[in-house]
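Hi everyone, thanks for coming. Let me put the sequence and the structure on the screen, and then I'll walk you through a few parts of the fold.

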Amino acid sequence: MRGTSVTTTTAVIDLDLPGPTISRHVYGHFAEHLGRCIYGGFWVGEDSPVPNVRGIRADVVEALRALHIPNLRWPGGCFADDYHWRDGIGPRDQRPRMVNSHWGDVVEDNAFGTHEFMDLCDLLGADPYVSGNIGSGTVAEMSDWVEYLTRADDSPMAALRRANGRDEPWRVPFWGLGNEAWGCGGNLRVEQFASMARQYATYARDQGGNALYRIAAGASDADYHWTEVLMRSFDDLAQDPAAPAGPFQAVSLHYYTMSGPWSDKGSATEFTTDEWYLTLSRARYVDELLTRHSTVMDRYDPHRKVGLVVDEWGTWWNVEPGTNPGFLYQQNTLRDALVASVHLDAFHTHADRVVMANIAQTVNVLQAMILTDPDSGALVLTPTYHVFAMNTGHHDAASLAVHLRDVETRDVDGRSLPMVSASASTKDDTALVSLSNLDADAARTIVLDLRGRDVVGHTAHVLTAPALNAHNTAEAPSTVAPAPHAGVRAHPRGLEVDLPAHSYVTVALDLR
(Lines give C-alpha, C1' and ligand atoms only; values in the text may rest on other atoms or scores of the structure.)
Protein backbone atom coordinates (compact mmCIF):
# COMPACT_ATOMS: atom_id res chain seq x y z
CA MET A 1 0.00 0.00 0.00
CA ARG A 2 1.36 3.39 -0.97
CA GLY A 3 1.64 6.40 1.26
CA THR A 4 0.75 9.91 0.12
CA SER A 5 1.62 10.37 -3.55
CA VAL A 6 3.94 13.24 -4.43
CA THR A 7 5.53 14.22 -7.72
CA THR A 8 8.62 15.98 -6.42
CA THR A 9 11.14 15.09 -3.74
CA THR A 10 13.68 17.54 -2.34
CA ALA A 11 17.21 16.61 -1.27
CA VAL A 12 18.95 19.23 0.87
CA ILE A 13 22.75 18.98 0.70
CA ASP A 14 25.13 21.34 2.52
CA LEU A 15 28.16 21.22 0.26
CA ASP A 16 30.31 23.08 2.78
CA LEU A 17 29.75 20.63 5.65
CA PRO A 18 31.84 17.54 4.88
CA GLY A 19 31.47 14.55 7.15
CA PRO A 20 33.54 11.39 7.66
CA THR A 21 35.58 10.13 4.74
CA ILE A 22 34.06 7.33 2.66
CA SER A 23 36.90 4.82 2.49
CA ARG A 24 37.54 3.53 -1.00
CA HIS A 25 37.71 0.12 0.66
CA VAL A 26 33.90 -0.06 0.98
CA TYR A 27 34.10 -0.74 -2.77
CA GLY A 28 36.09 -3.92 -2.12
CA HIS A 29 35.57 -7.31 -3.73
CA PHE A 30 35.59 -10.97 -2.81
CA ALA A 31 37.04 -13.97 -4.68
CA GLU A 32 36.49 -17.43 -3.22
CA HIS A 33 37.47 -20.83 -4.55
CA LEU A 34 33.84 -21.38 -5.50
CA GLY A 35 32.40 -22.42 -8.83
CA ARG A 36 33.95 -20.48 -11.70
CA CYS A 37 35.14 -17.48 -9.68
CA ILE A 38 38.82 -18.47 -9.58
CA TYR A 39 39.05 -21.22 -12.19
CA GLY A 40 37.56 -19.96 -15.43
CA GLY A 41 37.03 -16.50 -13.97
CA PHE A 42 40.32 -15.06 -12.82
CA TRP A 43 42.55 -18.02 -13.64
CA VAL A 44 42.75 -19.70 -17.04
CA GLY A 45 46.38 -20.88 -16.98
CA GLU A 46 49.30 -19.87 -19.16
CA ASP A 47 48.37 -22.32 -21.92
CA SER A 48 44.81 -21.06 -22.34
CA PRO A 49 43.69 -19.57 -25.70
CA VAL A 50 42.06 -16.82 -23.62
CA PRO A 51 44.52 -13.88 -23.48
CA ASN A 52 46.22 -13.96 -20.10
CA VAL A 53 49.11 -12.64 -18.09
CA ARG A 54 50.92 -15.49 -16.34
CA GLY A 55 47.66 -17.44 -16.34
CA ILE A 56 45.45 -14.58 -15.12
CA ARG A 57 42.70 -13.55 -17.51
CA ALA A 58 43.69 -10.20 -19.04
CA ASP A 59 40.22 -8.81 -19.84
CA VAL A 60 38.97 -9.46 -16.29
CA VAL A 61 41.94 -7.51 -14.93
CA GLU A 62 41.30 -4.66 -17.36
CA ALA A 63 37.62 -4.44 -16.42
CA LEU A 64 38.34 -4.40 -12.69
CA ARG A 65 41.13 -1.85 -13.01
CA ALA A 66 38.57 0.47 -14.59
CA LEU A 67 36.67 0.30 -11.27
CA HIS A 68 39.82 1.25 -9.33
CA ILE A 69 39.25 -1.91 -7.30
CA PRO A 70 40.70 -1.11 -3.86
CA ASN A 71 41.02 -4.57 -2.31
CA LEU A 72 40.31 -8.24 -2.94
CA ARG A 73 39.38 -10.79 -0.28
CA TRP A 74 40.66 -14.38 -0.77
CA PRO A 75 40.54 -17.47 -0.52
CA GLY A 76 37.11 -17.45 1.16
CA GLY A 77 34.48 -17.56 2.52
CA CYS A 78 33.84 -21.05 3.81
CA PHE A 79 36.73 -22.34 1.69
CA ALA A 80 39.20 -20.34 3.79
CA ASP A 81 38.71 -22.50 6.88
CA ASP A 82 39.49 -25.64 4.89
CA TYR A 83 42.49 -24.07 3.12
CA HIS A 84 46.05 -24.86 4.12
CA TRP A 85 48.31 -22.35 2.44
CA ARG A 86 51.34 -24.60 2.05
CA ASP A 87 49.31 -26.72 -0.40
CA GLY A 88 49.23 -23.73 -2.77
CA ILE A 89 52.94 -22.89 -3.08
CA GLY A 90 55.81 -24.42 -5.05
CA PRO A 91 55.69 -26.04 -8.50
CA ARG A 92 52.08 -26.44 -9.56
CA ASP A 93 52.50 -29.99 -10.77
CA GLN A 94 53.70 -30.97 -7.30
CA ARG A 95 50.97 -29.33 -5.26
CA PRO A 96 48.66 -31.69 -3.37
CA ARG A 97 44.98 -31.85 -4.22
CA MET A 98 42.09 -31.30 -1.83
CA VAL A 99 38.31 -31.66 -1.81
CA ASN A 100 36.29 -28.45 -1.88
CA SER A 101 33.58 -29.88 0.34
CA HIS A 102 31.57 -26.69 0.68
CA TRP A 103 31.19 -25.80 -2.98
CA GLY A 104 30.23 -28.65 -5.29
CA ASP A 105 32.34 -31.36 -3.63
CA VAL A 106 34.89 -30.95 -6.43
CA VAL A 107 38.62 -31.70 -6.33
CA GLU A 108 40.82 -28.61 -6.07
CA ASP A 109 44.33 -28.93 -7.55
CA ASN A 110 45.69 -25.78 -5.83
CA ALA A 111 46.96 -24.34 -9.13
CA PHE A 112 45.90 -20.92 -7.88
CA GLY A 113 47.65 -20.26 -4.59
CA THR A 114 49.45 -17.55 -2.65
CA HIS A 115 51.85 -16.42 -5.40
CA GLU A 116 49.11 -16.38 -8.03
CA PHE A 117 46.80 -14.38 -5.77
CA MET A 118 49.47 -11.82 -4.96
CA ASP A 119 50.30 -11.56 -8.67
CA LEU A 120 46.60 -10.92 -9.34
CA CYS A 121 46.50 -8.15 -6.72
CA ASP A 122 49.60 -6.57 -8.26
CA LEU A 123 47.96 -6.62 -11.71
CA LEU A 124 44.76 -5.13 -10.30
CA GLY A 125 46.54 -2.49 -8.21
CA ALA A 126 44.44 -3.79 -5.29
CA ASP A 127 45.35 -4.37 -1.66
CA PRO A 128 45.20 -8.05 -0.68
CA TYR A 129 42.80 -9.12 2.05
CA VAL A 130 43.84 -12.61 3.10
CA SER A 131 41.34 -14.66 5.10
CA GLY A 132 43.19 -16.97 7.50
CA ASN A 133 42.13 -20.44 8.61
CA ILE A 134 40.93 -20.67 12.20
CA GLY A 135 38.32 -23.41 11.65
CA SER A 136 40.69 -26.24 10.73
CA GLY A 137 44.08 -24.56 10.98
CA THR A 138 46.52 -23.76 13.75
CA VAL A 139 47.96 -20.63 15.28
CA ALA A 140 51.41 -21.55 13.98
CA GLU A 141 50.07 -22.12 10.44
CA MET A 142 48.55 -18.65 10.31
CA SER A 143 51.64 -17.04 11.87
CA ASP A 144 53.89 -18.73 9.31
CA TRP A 145 51.69 -17.52 6.43
CA VAL A 146 52.02 -13.92 7.59
CA GLU A 147 55.78 -14.37 7.85
CA TYR A 148 55.95 -16.01 4.40
CA LEU A 149 54.12 -13.12 2.80
CA THR A 150 55.55 -10.10 4.58
CA ARG A 151 58.98 -10.75 6.17
CA ALA A 152 62.08 -9.39 4.40
CA ASP A 153 65.13 -11.05 6.02
CA ASP A 154 66.38 -14.65 6.02
CA SER A 155 63.79 -16.09 8.40
CA PRO A 156 62.62 -19.64 7.66
CA MET A 157 59.40 -18.54 5.94
CA ALA A 158 61.10 -15.71 4.01
CA ALA A 159 63.68 -18.22 2.80
CA LEU A 160 60.87 -20.57 1.69
CA ARG A 161 59.24 -17.74 -0.24
CA ARG A 162 62.52 -17.00 -2.01
CA ALA A 163 62.94 -20.68 -2.85
CA ASN A 164 59.55 -20.41 -4.56
CA GLY A 165 60.66 -17.47 -6.71
CA ARG A 166 59.73 -14.31 -4.81
CA ASP A 167 62.62 -12.35 -3.34
CA GLU A 168 60.93 -9.28 -1.87
CA PRO A 169 58.07 -9.54 0.62
CA TRP A 170 54.61 -8.37 -0.33
CA ARG A 171 52.57 -5.72 1.38
CA VAL A 172 49.48 -7.33 2.91
CA PRO A 173 47.47 -4.75 4.86
CA PHE A 174 44.31 -6.74 5.63
CA TRP A 175 44.13 -10.04 7.47
CA GLY A 176 41.00 -12.00 8.32
CA LEU A 177 40.81 -14.05 11.51
CA GLY A 178 38.52 -16.85 10.34
CA ASN A 179 35.23 -16.68 8.47
CA GLU A 180 31.67 -17.26 9.71
CA ALA A 181 32.98 -18.87 12.87
CA TRP A 182 29.36 -19.34 13.95
CA GLY A 183 28.81 -21.67 10.96
CA CYS A 184 31.09 -23.16 8.33
CA GLY A 185 34.13 -21.68 10.08
CA GLY A 186 33.89 -24.02 13.05
CA ASN A 187 30.35 -23.88 14.49
CA LEU A 188 31.82 -22.04 17.47
CA ARG A 189 30.11 -20.20 20.27
CA VAL A 190 31.04 -16.54 20.25
CA GLU A 191 32.57 -16.78 23.72
CA GLN A 192 34.88 -19.50 22.43
CA PHE A 193 35.71 -17.68 19.23
CA ALA A 194 36.47 -14.37 21.00
CA SER A 195 39.28 -16.02 22.93
CA MET A 196 40.59 -17.71 19.79
CA ALA A 197 40.51 -14.44 17.85
CA ARG A 198 42.68 -12.79 20.49
CA GLN A 199 45.15 -15.68 20.38
CA TYR A 200 45.39 -15.87 16.59
CA ALA A 201 45.66 -12.07 16.32
CA THR A 202 48.58 -12.08 18.74
CA TYR A 203 50.57 -14.46 16.54
CA ALA A 204 49.61 -12.79 13.25
CA ARG A 205 52.53 -10.43 13.75
CA ASP A 206 53.52 -7.22 12.03
CA GLN A 207 56.67 -7.97 10.07
CA GLY A 208 59.00 -5.07 9.36
CA GLY A 209 57.02 -2.17 7.94
CA ASN A 210 53.93 -4.28 7.15
CA ALA A 211 51.26 -3.37 9.70
CA LEU A 212 48.34 -5.80 9.67
CA TYR A 213 44.76 -4.66 10.03
CA ARG A 214 43.28 -7.76 11.68
CA ILE A 215 39.58 -8.44 11.13
CA ALA A 216 37.83 -10.91 13.43
CA ALA A 217 35.00 -13.00 11.97
CA GLY A 218 31.85 -11.22 13.07
CA ALA A 219 28.11 -11.59 13.12
CA SER A 220 25.52 -12.76 10.66
CA ASP A 221 22.60 -10.41 10.09
CA ALA A 222 21.05 -9.24 13.39
CA ASP A 223 23.19 -11.30 15.80
CA TYR A 224 24.01 -8.33 18.04
CA HIS A 225 25.10 -10.68 20.84
CA TRP A 226 28.01 -11.87 18.68
CA THR A 227 29.15 -8.28 18.15
CA GLU A 228 28.78 -7.44 21.83
CA VAL A 229 30.89 -10.37 23.01
CA LEU A 230 33.63 -9.54 20.51
CA MET A 231 33.62 -5.92 21.64
CA ARG A 232 33.89 -6.97 25.29
CA SER A 233 36.95 -9.03 24.39
CA PHE A 234 39.00 -5.99 23.34
CA ASP A 235 41.57 -4.37 25.53
CA ASP A 236 40.17 -1.20 27.11
CA LEU A 237 39.03 1.00 24.22
CA ALA A 238 37.64 3.91 26.25
CA GLN A 239 40.59 5.10 28.34
CA ASP A 240 43.10 6.48 25.86
CA PRO A 241 41.73 7.99 22.63
CA ALA A 242 45.17 7.79 20.99
CA ALA A 243 45.90 4.15 21.82
CA PRO A 244 45.21 1.72 18.97
CA ALA A 245 42.65 -1.05 19.22
CA GLY A 246 44.02 -4.48 19.97
CA PRO A 247 44.75 -7.27 19.65
CA PHE A 248 42.61 -7.06 16.48
CA GLN A 249 41.34 -3.90 14.82
CA ALA A 250 37.95 -4.70 13.27
CA VAL A 251 34.99 -7.06 13.31
CA SER A 252 33.04 -8.22 10.30
CA LEU A 253 29.36 -8.50 9.38
CA HIS A 254 27.71 -10.68 6.73
CA TYR A 255 24.32 -9.92 5.23
CA TYR A 256 22.74 -11.31 2.05
CA THR A 257 19.59 -10.13 0.29
CA MET A 258 16.99 -12.53 -1.14
CA SER A 259 13.26 -12.45 -1.76
CA GLY A 260 12.45 -15.90 -0.38
CA PRO A 261 13.54 -18.16 2.48
CA TRP A 262 16.96 -19.81 2.56
CA SER A 263 15.52 -22.98 1.00
CA ASP A 264 14.05 -21.12 -1.99
CA LYS A 265 15.75 -17.75 -2.32
CA GLY A 266 13.95 -16.67 -5.49
CA SER A 267 14.88 -16.42 -9.14
CA ALA A 268 17.47 -13.94 -10.37
CA THR A 269 15.47 -13.13 -13.51
CA GLU A 270 11.86 -14.29 -13.04
CA PHE A 271 10.18 -12.24 -10.33
CA THR A 272 7.02 -10.26 -9.71
CA THR A 273 6.71 -6.58 -8.93
CA ASP A 274 5.96 -7.51 -5.32
CA GLU A 275 9.23 -9.46 -5.21
CA TRP A 276 11.01 -6.42 -6.64
CA TYR A 277 9.85 -4.31 -3.71
CA LEU A 278 10.44 -7.06 -1.16
CA THR A 279 14.03 -7.43 -2.36
CA LEU A 280 14.72 -3.70 -2.16
CA SER A 281 13.12 -3.48 1.28
CA ARG A 282 15.40 -6.26 2.49
CA ALA A 283 18.38 -4.53 0.89
CA ARG A 284 17.55 -1.32 2.70
CA TYR A 285 17.43 -3.27 5.98
CA VAL A 286 21.23 -3.16 5.91
CA ASP A 287 21.00 0.44 7.17
CA GLU A 288 19.22 -0.73 10.33
CA LEU A 289 21.77 -3.50 10.81
CA LEU A 290 24.65 -1.04 10.52
CA THR A 291 22.97 1.36 12.93
CA ARG A 292 22.33 -1.28 15.57
CA HIS A 293 25.69 -3.05 15.31
CA SER A 294 27.38 0.37 15.47
CA THR A 295 25.36 1.23 18.58
CA VAL A 296 26.58 -1.95 20.27
CA MET A 297 30.14 -1.10 19.28
CA ASP A 298 29.80 2.47 20.57
CA ARG A 299 29.09 1.19 24.10
CA TYR A 300 32.59 -0.26 24.31
CA ASP A 301 34.40 1.89 21.73
CA PRO A 302 33.31 5.52 22.14
CA HIS A 303 36.32 6.76 20.15
CA ARG A 304 35.42 4.48 17.20
CA LYS A 305 38.81 2.85 16.96
CA VAL A 306 37.35 -0.50 15.85
CA GLY A 307 36.22 -0.81 12.26
CA LEU A 308 33.10 -2.58 11.00
CA VAL A 309 33.84 -4.60 7.85
CA VAL A 310 30.90 -5.84 5.78
CA ASP A 311 33.03 -8.38 3.97
CA GLU A 312 30.15 -10.39 2.48
CA TRP A 313 27.06 -8.70 1.07
CA GLY A 314 24.87 -8.85 -2.00
CA THR A 315 22.00 -10.80 -3.52
CA TRP A 316 21.76 -14.58 -3.26
CA TRP A 317 19.33 -16.22 -5.69
CA ASN A 318 18.61 -19.77 -6.75
CA VAL A 319 21.26 -20.88 -9.22
CA GLU A 320 20.63 -20.59 -12.93
CA PRO A 321 18.77 -23.66 -14.25
CA GLY A 322 21.10 -26.38 -15.50
CA THR A 323 24.13 -25.21 -13.53
CA ASN A 324 25.88 -26.94 -10.64
CA PRO A 325 23.94 -25.97 -7.48
CA GLY A 326 27.23 -25.81 -5.56
CA PHE A 327 28.69 -23.21 -7.93
CA LEU A 328 26.23 -20.39 -7.05
CA TYR A 329 26.08 -19.01 -10.59
CA GLN A 330 23.27 -16.48 -11.02
CA GLN A 331 22.31 -13.78 -13.49
CA ASN A 332 22.44 -10.12 -12.53
CA THR A 333 19.60 -7.76 -13.42
CA LEU A 334 18.66 -4.12 -12.97
CA ARG A 335 17.17 -5.19 -9.62
CA ASP A 336 20.64 -6.28 -8.46
CA ALA A 337 22.04 -2.91 -9.52
CA LEU A 338 19.60 -1.09 -7.25
CA VAL A 339 20.30 -3.50 -4.41
CA ALA A 340 23.94 -2.43 -4.79
CA SER A 341 23.13 1.28 -4.89
CA VAL A 342 21.03 1.02 -1.71
CA HIS A 343 23.84 -0.79 0.11
CA LEU A 344 26.44 1.72 -1.02
CA ASP A 345 24.26 4.60 0.18
CA ALA A 346 24.14 2.91 3.60
CA PHE A 347 27.91 2.44 3.66
CA HIS A 348 28.35 6.14 2.85
CA THR A 349 25.95 7.11 5.61
CA HIS A 350 27.89 5.00 8.13
CA ALA A 351 31.33 6.07 6.96
CA ASP A 352 32.37 6.83 10.54
CA ARG A 353 32.21 3.11 11.40
CA VAL A 354 32.15 1.09 8.15
CA VAL A 355 35.75 0.99 6.97
CA MET A 356 35.49 -1.78 4.36
CA ALA A 357 32.97 -3.86 2.46
CA ASN A 358 33.33 -6.72 -0.01
CA ILE A 359 30.58 -7.60 -2.45
CA ALA A 360 30.06 -11.33 -2.97
CA GLN A 361 31.51 -12.14 -5.43
CA THR A 362 33.67 -10.67 -8.18
CA VAL A 363 33.33 -13.14 -11.08
CA ASN A 364 30.66 -15.75 -11.92
CA VAL A 365 29.38 -16.20 -8.35
CA LEU A 366 26.40 -14.57 -6.58
CA GLN A 367 26.13 -10.81 -7.27
CA ALA A 368 29.07 -10.74 -9.63
CA MET A 369 30.71 -7.76 -11.30
CA ILE A 370 31.64 -9.90 -14.30
CA LEU A 371 30.28 -13.04 -15.97
CA THR A 372 32.47 -15.11 -18.28
CA ASP A 373 30.88 -17.43 -20.83
CA PRO A 374 32.49 -20.90 -20.57
CA ASP A 375 31.76 -21.75 -24.21
CA SER A 376 32.56 -18.59 -26.15
CA GLY A 377 34.98 -17.04 -23.66
CA ALA A 378 33.02 -13.79 -23.81
CA LEU A 379 33.16 -11.37 -20.88
CA VAL A 380 29.97 -9.66 -19.71
CA LEU A 381 29.82 -6.62 -17.43
CA THR A 382 26.79 -6.81 -15.15
CA PRO A 383 24.42 -4.00 -14.11
CA THR A 384 26.07 -4.14 -10.66
CA TYR A 385 29.45 -3.50 -12.28
CA HIS A 386 28.06 -0.29 -13.78
CA VAL A 387 26.86 1.00 -10.38
CA PHE A 388 30.39 0.55 -9.04
CA ALA A 389 31.80 2.31 -12.12
CA MET A 390 29.40 5.26 -11.73
CA ASN A 391 30.41 5.62 -8.07
CA THR A 392 34.20 5.83 -8.29
CA GLY A 393 33.98 9.53 -7.42
CA HIS A 394 32.95 8.55 -3.87
CA HIS A 395 36.27 6.79 -3.21
CA ASP A 396 38.05 8.51 -0.29
CA ALA A 397 35.72 11.52 -0.58
CA ALA A 398 34.11 13.26 2.39
CA SER A 399 30.53 12.18 2.95
CA LEU A 400 27.77 14.76 2.73
CA ALA A 401 24.50 14.40 4.60
CA VAL A 402 21.47 14.19 2.29
CA HIS A 403 18.21 15.34 3.87
CA LEU A 404 15.28 14.00 1.85
CA ARG A 405 11.88 15.70 2.05
CA ASP A 406 8.49 14.62 0.69
CA VAL A 407 9.59 11.08 -0.14
CA GLU A 408 6.86 8.73 -1.25
CA THR A 409 6.90 5.42 0.63
CA ARG A 410 5.49 1.94 0.22
CA ASP A 411 4.63 -0.53 2.97
CA VAL A 412 6.62 -3.71 2.30
CA ASP A 413 7.03 -6.71 4.58
CA GLY A 414 6.15 -4.70 7.67
CA ARG A 415 8.55 -1.87 6.85
CA SER A 416 8.23 1.48 5.13
CA LEU A 417 10.27 1.55 1.93
CA PRO A 418 11.12 5.06 0.65
CA MET A 419 11.00 5.23 -3.12
CA VAL A 420 14.19 7.31 -3.25
CA SER A 421 17.62 6.41 -1.88
CA ALA A 422 20.45 8.94 -2.01
CA SER A 423 23.96 9.75 -0.85
CA ALA A 424 26.60 12.35 -1.68
CA SER A 425 30.26 13.17 -1.16
CA THR A 426 32.75 15.91 -1.91
CA LYS A 427 36.42 16.04 -2.78
CA ASP A 428 38.36 19.22 -3.57
CA ASP A 429 36.19 21.28 -5.94
CA THR A 430 33.86 18.45 -6.92
CA ALA A 431 30.89 16.58 -5.50
CA LEU A 432 29.02 13.45 -6.53
CA VAL A 433 25.34 12.81 -5.81
CA SER A 434 23.92 9.29 -6.20
CA LEU A 435 20.16 8.87 -6.62
CA SER A 436 18.07 5.69 -6.86
CA ASN A 437 14.42 5.60 -7.88
CA LEU A 438 13.13 2.33 -6.45
CA ASP A 439 9.65 2.74 -7.90
CA ALA A 440 8.98 -0.02 -10.40
CA ASP A 441 6.52 2.06 -12.41
CA ALA A 442 6.63 5.81 -11.74
CA ALA A 443 9.18 8.40 -12.73
CA ARG A 444 9.78 11.23 -10.33
CA THR A 445 11.59 14.54 -10.07
CA ILE A 446 14.07 15.41 -7.35
CA VAL A 447 15.18 18.94 -6.52
CA LEU A 448 18.77 19.11 -5.32
CA ASP A 449 18.74 21.97 -2.81
CA LEU A 450 22.49 22.68 -2.92
CA ARG A 451 23.80 24.98 -0.21
CA GLY A 452 27.12 26.39 0.96
CA ARG A 453 29.07 26.41 -2.32
CA ASP A 454 28.46 27.56 -5.87
CA VAL A 455 27.81 24.91 -8.51
CA VAL A 456 29.50 25.97 -11.76
CA GLY A 457 28.96 22.83 -13.83
CA HIS A 458 27.45 19.37 -13.81
CA THR A 459 27.31 16.10 -15.72
CA ALA A 460 24.93 13.21 -15.14
CA HIS A 461 24.56 9.55 -16.07
CA VAL A 462 21.62 7.17 -15.80
CA LEU A 463 21.37 3.40 -15.53
CA THR A 464 18.00 1.88 -16.35
CA ALA A 465 16.23 -0.42 -18.82
CA PRO A 466 12.67 -1.02 -20.03
CA ALA A 467 12.20 -4.20 -17.95
CA LEU A 468 12.85 -4.76 -14.26
CA ASN A 469 14.59 -8.05 -15.01
CA ALA A 470 16.75 -6.70 -17.83
CA HIS A 471 20.25 -8.17 -17.82
CA ASN A 472 23.34 -8.47 -19.96
CA THR A 473 24.43 -11.57 -21.84
CA ALA A 474 27.20 -12.53 -24.23
CA GLU A 475 24.72 -12.01 -27.08
CA ALA A 476 23.41 -8.68 -25.70
CA PRO A 477 26.15 -7.25 -23.46
CA SER A 478 24.77 -3.69 -23.27
CA THR A 479 21.10 -4.22 -22.45
CA VAL A 480 21.73 -2.49 -19.11
CA ALA A 481 24.48 0.10 -19.44
CA PRO A 482 24.98 3.68 -18.25
CA ALA A 483 24.25 6.56 -20.59
CA PRO A 484 24.57 10.35 -20.39
CA HIS A 485 21.50 11.80 -18.69
CA ALA A 486 20.00 14.94 -20.16
CA GLY A 487 17.28 15.23 -17.52
CA VAL A 488 19.07 17.73 -15.28
CA ARG A 489 18.08 21.40 -15.25
CA ALA A 490 18.89 24.55 -13.33
CA HIS A 491 16.56 25.29 -10.43
CA PRO A 492 16.39 28.30 -8.08
CA ARG A 493 17.66 26.06 -5.28
CA GLY A 494 20.29 24.24 -7.35
CA LEU A 495 19.35 21.54 -9.81
CA GLU A 496 16.25 19.61 -10.81
CA VAL A 497 16.82 15.97 -11.79
CA ASP A 498 14.48 13.58 -13.58
CA LEU A 499 14.60 10.05 -12.20
CA PRO A 500 13.07 7.52 -14.60
CA ALA A 501 11.22 4.61 -13.05
CA HIS A 502 13.52 1.90 -11.70
CA SER A 503 16.70 3.86 -12.33
CA TYR A 504 20.03 4.86 -10.88
CA VAL A 505 21.39 8.36 -11.57
CA THR A 506 24.65 10.04 -10.61
CA VAL A 507 25.19 13.79 -10.84
CA ALA A 508 28.79 15.06 -10.74
CA LEU A 509 29.15 18.69 -9.67
CA ASP A 510 31.89 21.23 -10.28
CA LEU A 511 32.17 23.61 -7.33
CA ARG A 512 33.81 26.82 -6.34
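What you see is a predicted model, in which local features need pLDDT of at least 70, side-chain atom pairs count only at pLDDT 80 or more, and totals for chains, interfaces and linings use all residues. Residues are numbered from 1 along each chain as its sequence is written, and side-chain values use heavy atoms, with hydrogens and water left out.

First stop, helix α2, residues 114-124. Is α2 mostly covered or mostly exposed? Covered: nine of its eleven residues are buried, where buried means under 20% relative accessible area, exposed over 50%, and partly exposed in between, with a 1.4 Å probe and protein chains only. Among the buried ones are His115, Phe117, Met118 and Leu120. The buried residues of α2 pack against β5, α1, β6, β9, α3 and α4. After α2 comes glycine 125, with a positive phi near 70°.

Two of those partners, α3 (139-150) and α4 (156-163), also meet each other: their axes come within 7 Å and cross at roughly 55°. Axes here are lines fitted to C-alpha atoms, for helices over the stretch in contact, and angles run from 0 to 180 degrees between N-to-C directions. Because of that angle, α3 is oblique to α4; under 35 degrees would be roughly parallel, over 145 roughly antiparallel, 65 to 115 roughly perpendicular, and the rest is oblique. Which residues make the contact, meaning heavy atoms within 4.5 Å? From α3 they include Tyr148 and Leu149, and from α4 they include Met157 and Leu160.

Now look for the open sheet of five strands, in the order β18-β1-β23-β27-β26, with mixed pairing. Strands pair if DSSP finds at least two bridges between them. At the edges are β18 (402-405) and β26 (488-491), each pairing on one side only. From one strand to the next, the twist averages 25°. Inside the sheet, β1 (8-14) and β23 (444-451) run parallel, joined by seven bridges. One to find on screen: aspartate 14 has arginine 451 of β23 as its bridge partner.

Last stop, glutamate 288, in helix α7 (273-300). Glutamate 288 is partly exposed, because its relative accessible area is 31%. Beyond its neighbours within four places in sequence, glutamate 288 touches Tyr224 and Arg415.

Definitions and conventions. Helices (H or I, at least four residues) and strands (E, at least two) are DSSP runs, numbered from the N terminus. Contact means heavy atoms within 4.5 Å.
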